[in-house]
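Hello,

Here is the structure we talked about. My notes follow it.

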Amino acid sequence: MARGLRAVTALLVAGGIALAAAGCATRMPGRSYAGPIFQPAPAEVAIQERLRRHVRALAGDIGPRNVQHPQALEAAARYIQARLEELGFKVTPQEFVTDGRQVRNLATEIRGTTRPDEIIVVGAHYDTPEDTPGAADNARGVAALLEIADLLHRRRLARTVRIVFFVNEEPPYFQRRPMGSRVYAKLLRSRGENVVAMLSLETMGYFADAKRTQHYPPPFNFCYPSVGNFMGFVGNRASRALVERVVASFRQHAVLPSEGLAAPGWIPGVGWSDHWAFWKEGYPGVMVTDTAPFRNPNYHKLTDTPETLDYRRLTAAVLGLCGVITDLAWRPDLPRSVGVPRP
Ligand SMILES: [Zn+2]
């Protein structure tokens with residue numbers, strides 16, 4: 001009996017510690033948006049329609065795109081480059097060879113006016129897993145980044161904003177040497193570039209309004225809502241200051257609920273995108289996501305098609321993120337320890 005009681009007590013204590021740790025990891029500044037669903041103004045409807053067009057072009061017309069589907073991967077790269085050039089950007093490809101094929105990241109930038117050497121990287125991968133059309137993963141991230149580039153292009157920004165489309169994020173290259181973001185982040189580190197923030201747009205734009213549409217690895221299910229209607233911001237513990245800064249800013253700008261997490265990178269899902277590659281180089285990184293497999297039933301499936309997505313709320317996310325990036329580009333008080341290159 002006593003032994004049983006001790007076991008129960010130990011279990012309760014362990015559960016309590018896990019919950020307290022989860023509480024620390026999940027506590028964020030500001031208040032999540034709680035009003036009606038975003039209604040775009042007439043000018044914003046144009047953004048929504050362009051988002052839809054980009055996703056249809058990539059996930060509908062082009063389809064599965066990766067080293068195993070090289071022509072489609074090339075078509076996707078050309079689509080992105082053409083859109084950026086239409087907007088007036090100069091695109092710099094970063095080419096490298098994977099499994100005998102030449103592939104490339106695509107980068108462009110909005111040069112900072114007063115602090116050009118402090119760099120904010122905003123990235124999205126444009127390859128897809130296996131034979132999936134990859135609408136959610138990650139045509140939407142690409143579409144959002146194209147529209148963010150368009151909106152930010154007209155703004156004056158103190159810091160440099162680097163916009164990068166990554167290849168090879170998905171398996172078999174995920175978290176391995178040929179991962180596009182890994183190649184890119186290593187290059188920045190070798191040049192001694194000062195990345196003060198990295199945002200990875202990953203699988204964003206699937207929303208649901210019913211209870212129990214959102215799932216989590218335990219014990220986070222005790223800390224977050226069960227309705228999958230929010231945008232998530234996820235970083236490791238070293239990126240905590242950045243996660244808090246980004247969530248606080250998004251909550252000021254966005255007509256969309258939001259949640260943040262700064263937790264150890266080994267927890268399933270926390271490092272599942274290109275921000276991981278920046279952590280590896282000592283840079284702070286945050287994933288912007290609808291939480292992917294924890295919400296979207298089409299994740300990494302053949303059913304990941306353009307019509308499963310909510311373009312209205314994706315537009316709200318794009319507008320909110322433009323506010324976040326503008327804040328990051330101007331705020332004088334970004335933590336100084338963040339992103340200072342290692343000697
Ligand atoms: Zn992805």
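This is a predicted model: local features need pLDDT of at least 70, side-chain atom pairs count only at pLDDT 80 or more; totals for chains, interfaces and linings use all residues.

Residues are numbered from 1 along each chain as its sequence is written.

Overall, the protein has eight helices and eight strands (DSSP runs, H or I of at least four residues for helices, E of at least two for strands, numbered from the N terminus). Of its 343 residues, 47% are buried (20 or more other C-beta atoms within 10 Å of the residue's own, C-beta atoms being placed from the backbone).

Now the helix pair. Helix α4 (residues 135–153) packs against helix α8 (residues 311–330) at about 50°, with axes 10 Å apart. Axes are lines fitted to C-alpha atoms over the stretch in contact, and angles run from 0 to 180 degrees between N-to-C directions. R140, A144, E147, I148, L151 and L152 of α4 meet L314, A317, V318, L321, C322 and I325 of α8 (contact: C-beta atoms, placed from the backbone, within 7 Å).

Last, helix α5 (residues 180–190). Its buried residues are G180, S181, R182, V183, Y184, A185 and L188. Their cover includes β1 (92–98), β5 (194–201) and α7 (275–280). G192 follows α5, with a positive phi near 70°.

Best wishes

Terms used. A residue is buried if 20 or more other C-beta atoms lie within 10 Å of its own, exposed if 12 or fewer, and partly exposed in between; C-beta atoms are placed from the backbone. Two residues are in contact if their C-beta atoms, placed from the backbone, lie within 7 Å.
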